[in-house]
Amino acid sequence: FSHDSLTCLICLIFFFFCVFFCCFFFFQAEDGIRDLVRSRGLGDVYKRQSNKWLRADNGASLRQRLFTEAVLHTIVDFGDRPVFGKVMAYPMILVAQRKERNHVGSPGPVAFADMTKANPPYTNVGPLISQRLRPLPDDAIQNSDWIVSDADCVRLCRKMEASGMRLDEFARKSGSLGHPGEGGDLLSTGIKTGCDAAFILNERTTQRMLREDERSAQILRPLLRGSDVGRWTVSHSCEKLIFATPEMDEGDIRNYPPLVAHLSRFGAALRKRTDCPGEKWWALRKVNYYPRFALPKIVFKEISSHLDFALDESGALFNNKVLFISGEDRQELLYLLGVLNSAVAGRYLWTRCPMLRGARSLEKVYVERLPIPDASPEEQAAIAELAQKCIDARGVGCEEWEAEINERVAALYGL
């Protein structure tokens, strides 16, 4: 076999193994699921599938079609429980019937079973599901906008949405938050190099470069990763990024011989990048928000289990696992930071954002729709002052201030 043929064969074998494994589980669990469906008087109509479409933006069309064309009866969400052993499949069960042409109204509330904390084994899931079935509130499922969670979370989310404006709308109204970005987004992603080994230098390599030519410091910038982002503040590492932007020409980069020599070691990999800016193989990809890194900014990890937000004013660069909101009005940034770190905002994002291995994926499309409460200048100033105290304490021993932030933010939402 050629190398490509062998790779294809291995992939096919792995695929059929996965299919067999999934079928084996479902045959084991089949009786329990069928008992559940029949106990609802629904015959044998049910669907087993990954749960990601329940919350993901790209599942909106499917949710809309189900809302329009089907009568929903039961939703069972296993979250990221290890139903398939070590295989992370995010399983769920949906029980529904196609609407008849003369169908009017609903047979009753949709029943929901939260299995995200159910422990194995999962071979007879019927009784386990029946114990956890609870009716969803009437406003939990609205067209493509579904909130599949417990009743308290549904009420919290709907109340917040009714009393606040989306984060992206709040930024447009403000005029001082965000930037044009790539496509006009409020949020921007940190730098994606396409070849980290070429652009990111550890402390030892940085010191060697500076010994060879101290001018190298002119285009070396501090680089932070998602692991450096905490609650309220960031930690600073010793890593540096070669900040060779597409605006530089070849004559500019040649002023730094040690860096050119280092980048040349990765020349083949750098030239293969699909977003390489023309002949400038040594440059970072072209984006229009590099200047915004120098401004104060709220930063957070793209994937997080704690939903922590921090303020960075160091001008440091971040890798592509970090998102940020830059702003020119520092007090407004502090107010927004207080809202984002509040308990109710955390619960909203935890409910609304897709799950990923016990954490949440804080992608732009989900964070930008977080409702931000309307607040008077005095209320904004009070929350901003409390957020500043938490920053000054570096998030340590600030429980009293956080409790007051929680109370004030909840009151702004009318909770």
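The model is predicted, so local features need pLDDT of at least 70 and side-chain atom pairs count only at pLDDT 80 or more, while totals for chains, interfaces and linings use all residues. Residues are numbered from 1 along each chain as its sequence is written, and side-chain values use heavy atoms, with hydrogens and water left out.

**The whole protein**

The protein has 15 helices and 20 strands. Both are DSSP runs, numbered from the N terminus: helices are H or I with at least four residues, and strands are E with at least two. Of its 415 residues, 48% count as buried. Here buried means under 20% relative accessible area, exposed means over 50%, and partly exposed lies in between (1.4 Å probe, protein chains only). Among contacts between residues at least 6 apart in sequence, 70% join residues at least 24 apart; a contact means heavy atoms within 4.5 Å.

**The sheet**

Let us turn to the sheet. Two strands pair if DSSP finds at least two bridges between them. The table lists the pairings.

| Strand pair | Bridges | Direction |
|---|---|---|
| β9 and β17 | Two bridges | antiparallel |
| β13 and β17 | Five bridges | antiparallel |
| β13 and β15 | Four bridges | antiparallel |

Some partners can be found by name. T189 has L323 in β17 as its bridge partner, and F300 also stands opposite L323 in β17.

Is β13 mostly covered or mostly open? It is mostly covered, since five of its five residues are buried. In a regular strand the side chains alternate between the two faces of the sheet. In β13, K297, V299 and K301 point one way, whereas I298 and F300 point the other way.

The axes of α11 and α14 come within 7 Å and cross at roughly 75°. This makes α11 roughly perpendicular to α14, a label used for angles of 65 to 115 degrees. Axes are lines fitted to C-alpha atoms, for helices over the stretch in contact, and angles run from 0 to 180 degrees between N-to-C directions. Among the residues that meet here are L334, Y335 and L337 in α11, and I383, A384 and A387 in α14.

Helix α14 has 16 residues (377-392), which at 1.5 Å a residue should span 22 Å, and its end C-alpha atoms are 22 Å apart, in agreement. The expected span is 1.5 Å times one less than the number of residues. Its buried residues include I383, L386 and I391, and their cover includes β15, α11 and α15 (399-413).

**Two loop residues**

Most residues other than glycine have a negative phi. L307, in the loop between β14 (303-304) and β15, has a positive phi near 55°. This residue is buried, with a relative accessible area of 6%. R394, in the loop between α14 and α15, likewise has a positive phi near 55°, but R394 is partly exposed, with a relative accessible area of 48%.

Terms used: Angles under 35 degrees count as roughly parallel, over 145 as roughly antiparallel, 65 to 115 as roughly perpendicular and the rest as oblique.
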